[in-house]
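Trainee: I would like to learn how to read a structure of this kind. Could we go through it feature by feature?
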Amino acid sequence: IVAVSDPRQVGFTRQAMIGIRVQGDSTPTVDRLADIPEVAYIVLTAGSFDLLVEVVCEDDEHLLHVISQEIRTLPGVRDTEVFVYLKLRKLLYNWGTR
């Protein structure tokens, strides 16, 4: 059991999902992304993106910095597509146990 805070209630008003296409092996890129404090989670995917990365930022300026200075400059990052969250409609952590 863990407590999950609402980022908006603690000063982080901008969240986004970033689809990333990687050139070559994604492992080094994933390792570097994991070191970025604003990155909440990373998912390796099959489909049009190699990775999906959720970031939590203070505001739009902070998000712009993370995208342009932290993520797009990483070796291996070929291109990105940013999906800015306008409204969070549902978020549950009640999967239960097996």
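Trainee: Which residue of strand 3 does Gly-19 stand opposite?

Mentor: Strands of a sheet pair through backbone hydrogen bonds, either parallel or antiparallel. In this model, which is a predicted one, Gly-19 faces Leu-52 of strand 3.

Trainee: How many bridges join strand 1 to strand 4?

Mentor: Seven bridges, and those two strands also run antiparallel. One example is Met-17, whose bridge partner in strand 4 is Phe-83. Strand 2 is joined to strand 3 by five bridges, again antiparallel. There, Ile-42 stands opposite Val-53 of strand 3.

Trainee: In what order do the strands lie in the sheet?

Mentor: The order is 2-3-1-4, in an open sheet of four strands with antiparallel pairing. Strand 2 and strand 4 are at the edges with a single partner strand each, so one side of each has no neighbour in the sheet. On average, neighbouring strands are turned by 20° against each other, direction ignored.

Trainee: How many of the nine residues of strand 1 are buried?

Mentor: In a regular strand the side chains alternate between the two faces of the sheet. Burial has to be read residue by residue. In strand 1, eight of the nine residues are buried, so the strand is mostly covered. For the chain of 98 residues, the buried share is 31%.

Trainee: Which strands does helix 1 lie across?

Mentor: Helix 1 lies across strand 1, strand 2, strand 3 and strand 4, and runs at about 165° to strand 2.

Trainee: Which residues touch the most other members of the largest nonpolar core?

Mentor: In soluble globular proteins, nonpolar side chains tend to be buried together. The largest nonpolar core here has 18 residues, and those touching the most other members are Ile-20, Leu-33, Leu-51, Val-53, Val-55 and Ile-71. Two or more residues come from each of strand 1, helix 1, strand 3 and helix 2. Take Ile-20 as a case. Beyond its neighbours within four places in sequence, Ile-20 is in contact with several residues, among them Leu-33, Leu-51, Val-53 and Ile-71. The contacts of Ile-20 also include Phe-49, Asp-50 and Asp-79.

Trainee: Is Thr-29 buried or exposed?

Mentor: Thr-29, which is found in helix 1, counts as buried because its relative accessibility is 2%, under the 20% cut-off. A polar atom of its side chain lies 3.2 Å from the backbone oxygen of Pro-75. Leaving aside neighbours within four places in sequence, the contacts of Thr-29 are Val-22, Leu-51, Leu-74, Pro-75, Gly-76 and Val-77.

Trainee: Where is Ser-26 found?

Mentor: Ser-26 is in the loop between strand 1 and helix 1. With a relative accessible area of 16%, Ser-26 is buried. Not counting residues up to four places away in sequence, Ser-26 touches Leu-44 and Leu-51.

Trainee: How many aromatic pairs does the structure hold?

Mentor: The structure holds one. The ring centres of Phe-49 and Phe-83 are 6.3 Å apart and their planes stand at 90°, so the pair is edge-to-face. The two residues are 34 residues apart: Phe-49 is in the loop between strand 2 and strand 3, and Phe-83 is in strand 4. Phe-49 counts as buried at 11% relative accessibility, whereas Phe-83 is partly exposed at 37%.

Key
Residues are numbered from 1 along each chain as its sequence is written. This is a predicted model: local features need pLDDT of at least 70, side-chain atom pairs count only at pLDDT 80 or more; totals for chains, interfaces and linings use all residues. Side-chain values use heavy atoms; hydrogens and water are left out. Buried means under 20% relative accessible area, exposed over 50%, partly exposed in between (1.4 Å probe, protein chains only). A polar contact is a pair of N or O atoms within 3.5 Å; within protein, one must be able to donate a hydrogen and the other to accept it, and residues adjacent in sequence count only if both atoms are side-chain atoms. Contact means heavy atoms within 4.5 Å. Rings of Phe, Tyr and Trp (its six-membered ring) pair if their centres lie within 6.5 Å; planes under 30 degrees apart count as stacked, over 60 as edge-to-face and the rest as tilted. A nonpolar core is a set of buried Ala, Val, Leu, Ile, Met, Phe, Trp, Tyr and Cys residues joined through side-chain atoms within 4.5 Å. Two strands pair if DSSP finds at least two bridges between them. Axes are lines fitted to C-alpha atoms, for helices over the stretch in contact, and angles run from 0 to 180 degrees between N-to-C directions.
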